[in-house]
Amino acid sequence: MPRFDAGYVPRSAMAIYAHPDDIEFTVAGTVAKWARAGCEVTFVLLTSGNSGTHDRKFTRKSLARVREREERESARILGAARVVFLRHGDCELVPTLALRKELVRRIRRHRPEVVLCNDPQALFFGDRYINHPDHLAAGKAALEAVFPCAEMELLWPGAGPVHKVHAVYVSSTLSPDTWIDVTETIETKIAALSAHRSQLGERDIAPYILERAGDEAHRAPAGKAAGEKAPGRPKYAEAFRVMRLVREEK
Ligand SMILES: [Zn+2]
């Protein structure tokens with residue numbers, strides 16, 4: 001069994017998020033780092049972001065088409081093996097039993113060692129941002145699918161042979177305990193995010209991402225994000241709460 005420290009690279013990972021660009025804003029540096037090291041990465045997008053604009057030239061259908069194209073380009077930049085779109089309505093996502101079952105089916109099919117998802121408990125960030133209801137719903141549905149549903153033999157046998165996920169890397173959390181050094185992939189993260197032109201318009205997102213990843217690196221306890229062999233703080237980091245669902249090596 002693995003150790004889920006800063007140097008750990010899973011064989012396979014599944015990022016379950018609500019909207020095209022959620023992965024890019026939050027965990028893309030980690031995903032790109034793992035993919036470069038040989039991890040097979042699957043993106044599961046619960047919506048195609050079909051409400052995500054104030055631009056009246058779009059319909060929900062045409063916007064979804066554009067945003068799926070942007071997500072595919074971004075996934076290619078990040079080195080993901082595949083992107084799955086479940087096409088629920090943007091701003092309408094609810095963690096229903098039906099959604100949980102859809103996710104169990106995907107987890108049992110692709111069998112990820114690690115799942116990445118949002119923290120469904122993180123409602124307020126500072127005094128300026130109320131978390132999007134879809135992010136909370138996606139995080140809740142993902143966690144419920146991972147544990148216990150994906151691993152229960154008597155539950156939904158038609159959804160495929162059971163699978164046990166080893167760890168969940170919970171992002172956008174108010175209680176992080178693990179920091180991953182993304183200094184080597186921060187430019188890839190910015191490039192992937194820049195593929196989401198319908199969301200960014202003319203905005204240069206690089207300064208914001210560099211500042212945020214720099215802040216995370218600064219918050220990491222010294223030595224933690226860089227791994228035991230390289231004490232000290234990395235330049236850029238992403239923060240997670242890691243839920244370890246199997247026993248780790250000593
Ligand atoms: Zn989002």
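In which hand does α2 pass α6 in their crossing? The answer is that α2 passes α6 in a right-handed crossing; a crossing counts as right-handed if the near helix is turned clockwise from the far one by less than a right angle, and as left-handed if anticlockwise. Please keep in mind that this is a predicted model, in which local features need pLDDT of at least 70, side-chain atom pairs count only at pLDDT 80 or more, and totals for chains, interfaces and linings use all residues. Residues are numbered from 1 along each chain as its sequence is written. Helices (H or I, at least four residues) and strands (E, at least two) are DSSP runs, numbered from the N terminus.

**Helix α6 and its partners**

Let us start with helix α6, residues 186–194.

| Helix pair | Axis distance | Angle |
|---|---|---|
| α6 and α8 (residues 206–219) | within 10 Å | roughly 140 degrees |
| α2 (residues 28–36) and α6 | within 8 Å | roughly 115 degrees |
| α3 and α6 | 8 Å | about 165 degrees |

The axes of α3 and α6 pack at about 165 degrees, and that makes α3 roughly antiparallel to α6. For these words, angles under 35 degrees count as roughly parallel, over 145 as roughly antiparallel, 65 to 115 as roughly perpendicular and the rest as oblique. The crossing of α3 and α6 is right-handed. Ser74, Ile77 and Leu78 of α3 meet Thr188, Ala191 and Ala192 of α6, where a contact requires C-beta atoms, placed from the backbone, to lie within 7 Å. By class, this contact of α3 with α6 holds 4 nonpolar, 2 polar and no charged residues. Here Ala, Val, Leu, Ile, Met, Phe, Trp, Tyr, Cys and Pro count as nonpolar, Asp, Glu, Lys and Arg as charged, and the others, Gly among them, as polar.

Turning to α8, the axes of α6 and α8 cross at roughly 140 degrees, which makes α6 oblique to α8. α6 passes α8 in a right-handed crossing. On the α6 side, Ile186, Lys189, Ile190 and Leu193 meet Ala206, Ile209, Leu210 and Ala213 of α8. That contact has 7 nonpolar, no polar and 1 charged residues. As background, an α-helix has 3.6 residues a turn, so residues three or four places apart point the same way.

With α2, the partners are Ala28, Gly29 and Ala32, which meet Ile186, Thr188, Lys189, Ala192 and Leu193 of α6. The contact of α2 with α6 divides into 5 nonpolar, 2 polar and 1 charged residues.

**Helix α5 under cover**

Helix α5 (residues 133–146) has 14 residues and reaches 20 Å from its first C-alpha to its last. That is close to the 20 Å expected at 1.5 Å a residue, the expected span being 1.5 Å times one less than the number of residues. Of its 14 residues, 12 are buried, and α5 is mostly covered. A residue is buried if 20 or more other C-beta atoms lie within 10 Å of its own, exposed if 12 or fewer, and partly exposed in between. The buried residues include Asp134, His135 and Lys140, as well as Leu136, Leu143 and Val146. Among the elements covering them are strands β1 (12–17), β2 (40–47), β4 (114–118) and β7 (167–171), together with helices α1 (22–26) and α4 (97–110).

**Backbone details in the loops**

In the loop between α5 and β7 sits proline 148. A cis peptide bond joins phenylalanine 147 to proline 148, with omega about 0 degrees.

Cysteine 91, in the loop between β3 (82–88) and α4, has a positive phi of about 75 degrees although it is not a glycine. Cysteine 91 is partly exposed, with 15 other C-beta atoms within 10 Å.

The loop between β7 and β8 (178–181) holds serine 172. Phi of serine 172 is near 50 degrees, again a positive value in a residue other than glycine. Serine 172 counts as buried, with 24 C-beta neighbours inside 10 Å.

Threonine 173 lies in the loop between β7 and β8 and is partly exposed, with 19 other C-beta atoms within 10 Å. Leaving aside residues up to four places away in sequence, threonine 173 touches Asp119, Ala122, Phe240 and Arg241. Threonine 173 and glutamine 121 are 52 residues apart in sequence and 7.8 Å apart in space, C-alpha to C-alpha.

Definitions and conventions: Axes fitted to C-alpha atoms, helices over the stretch in contact; angles between N-to-C directions. Contact = placed C-beta atoms within 7 Å.
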